[in-house]
Amino acid sequence: MECDRYGVSDRTATSFASVVLQDIGIVHEGEASHVAAINFAAGWALERNVKIKVFSVSKSSIEAIRSPKVKSNFVLSVTDNLYNAKDLVSLVWVKTHAGNPGNELADHFAKIASSCGSDMSIPAPYSYVKKVCKEFLMNEWNSYWKNSTTGKRTKEILPSAILDLLMSNKYVIYLFTNHGPIPAYLCRFKILNNPDCLCGEHGDVDHYLTSCMYTKDYHLVLPTGAARTHWTRKLCKNYLFLNRLKSISEISRKICDDLQRL
């Protein structure tokens, strides 16, 4: 019996085709319909209790069905159906477009099915659902971030949401937001009367990072523009850099304490 994509619409492999089997090596669009066709053939043989041989041009589909590492629930269900069919169904790979009459006939029917065949529901795998949810949430996050009127400094460093920079290190958060134990920030909340450092300059985060006389042993050269995002992404996972930020923050905290006592 020749049943490669026999009677199964190519439309079954539209939205999920390239993802359904990606964890097991099937990555080309349309491969899901090959597996669905094999499943259809197994059900057909089992229902009629007849022995058949399924010829398929999709070697990757056959390998996926035989693989012990399969993760897709869809492929697992096909494997179970083939097991239930026991010796009724055998799978054979044939080379495509090699003049095989049965394969050419199957291609003919596949083209007909693509326009008038029945739709088939192929469940989305967990990996696909996770991917779609992640893309949706990232789009929502970026839309909110771009339309937000706050966080001007953070936007200069991170113009868009970046997952690999999600962190709870408070010293990095001070760097991103210009918040923390610094005179300019504490002055906003009336904790200090003056936003200036003990050295007389404006006491914001960049002052302590680049020019304050009290933190000169830890000074950094801050890049500007687009280079700043790359710089931040690289350094925020650098242990020595994080320790330097911590030291700068401890010095600025001590300065704030001294300013409060004045």
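Predicted model: local features only at pLDDT ≥ 70, side-chain atom pairs only at ≥ 80, totals over all residues.
1. Ground rules. Residues are numbered from 1 along each chain as its sequence is written, and side-chain values use heavy atoms, with hydrogens and water left out.

2. Salt bridges overall. The structure holds 5 salt bridges, each being a side-chain nitrogen of Lys or Arg within 4 Å of a carboxyl oxygen of Asp or Glu.

3. A pair in α5. K131 forms a salt bridge with E135, and the closest N and O atoms are 3.1 Å apart. Both K131 and E135 belong to helix α5 (residues 126–147), where 4 residues, about one turn of the helix, separate them. Helices here are DSSP runs of H or I with at least four residues, numbered from the N terminus. K131 has a relative accessible area of 38% and is partly exposed; E135, at 39%, is partly exposed as well. The classes used throughout are buried for under 20% relative accessible area, exposed for over 50%, and partly exposed in between, with a 1.4 Å probe and protein chains only.

4. A pair between two helices. D206 and R153 form a salt bridge whose closest N and O atoms are 2.9 Å apart. D206 lies in helix α9 (residues 205–210) and R153 in helix α6 (residues 152–157), so this pair ties together parts that are 53 residues apart in sequence. D206 is partly exposed at 21% relative accessibility, while R153 is buried, with a relative accessible area of 14%.

5. The side chains of R261 and D258 meet in a salt bridge at 2.5 Å, N to O. R261 and D258 both sit in helix α11 (residues 239–261), 3 residues apart, about one turn of the helix. R261 is exposed, at 63% relative accessibility, and D258 is partly exposed, at 21%. It is worth looking at K254 here too: K254, D258 and R261 are linked in a network of salt bridges.

6. Helix α7 against α11. The axes of helix α7 (residues 170–177) and α11 come within 9 Å and cross at roughly 75°. That makes α7 and α11 roughly perpendicular to each other, the term for angles of 65 to 115 degrees; under 35 is roughly parallel, over 145 roughly antiparallel, and the rest oblique. Axes are lines fitted to C-alpha atoms, for helices over the stretch in contact, and angles run from 0 to 180 degrees between N-to-C directions. On the α7 side the contact is made by Y171, V172, Y174 and L175, and on the α11 side by F241, L242, L245, K246, S249 and R253. Contact means heavy atoms within 4.5 Å. The residues of this contact divide into 7 nonpolar, 1 polar and 2 charged; Ala, Val, Leu, Ile, Met, Phe, Trp, Tyr, Cys and Pro count as nonpolar, Asp, Glu, Lys and Arg as charged, and the others, Gly among them, as polar.

7. S249. This residue is found in helix α11 and is buried, at 7% relative accessibility. Leaving aside neighbours within four places in sequence, S249 is in contact with Y171, Y174 and P181.

8. Nonpolar cores. The largest nonpolar core has 30 residues, and those with the most contacts inside it are L175, F176, Y208, L209, F241 and L245. Such a core is a set of buried Ala, Val, Leu, Ile, Met, Phe, Trp, Tyr and Cys residues joined through side-chain atoms within 4.5 Å. Two or more residues come from each of α7, α8 (183–188), α9, α10 (226–235) and α11, and α11 gives the most, with 7 residues. L245 touches Y171, V172, L175 and L209, not counting residues up to four places away in sequence. Apart from this core lies another, of 19 residues, among them I52, V78, L88 and V89.

9. Two backbone details. Most residues other than glycine have a negative phi. N178, not a glycine, has a positive phi of about 65°; N178 lies in the loop between α7 and α8 and is partly exposed, with a relative accessible area of 22%. K190 also has a positive phi, near 65°, and lies in the loop between α8 and α9, where K190 counts as exposed at 69% relative accessibility.
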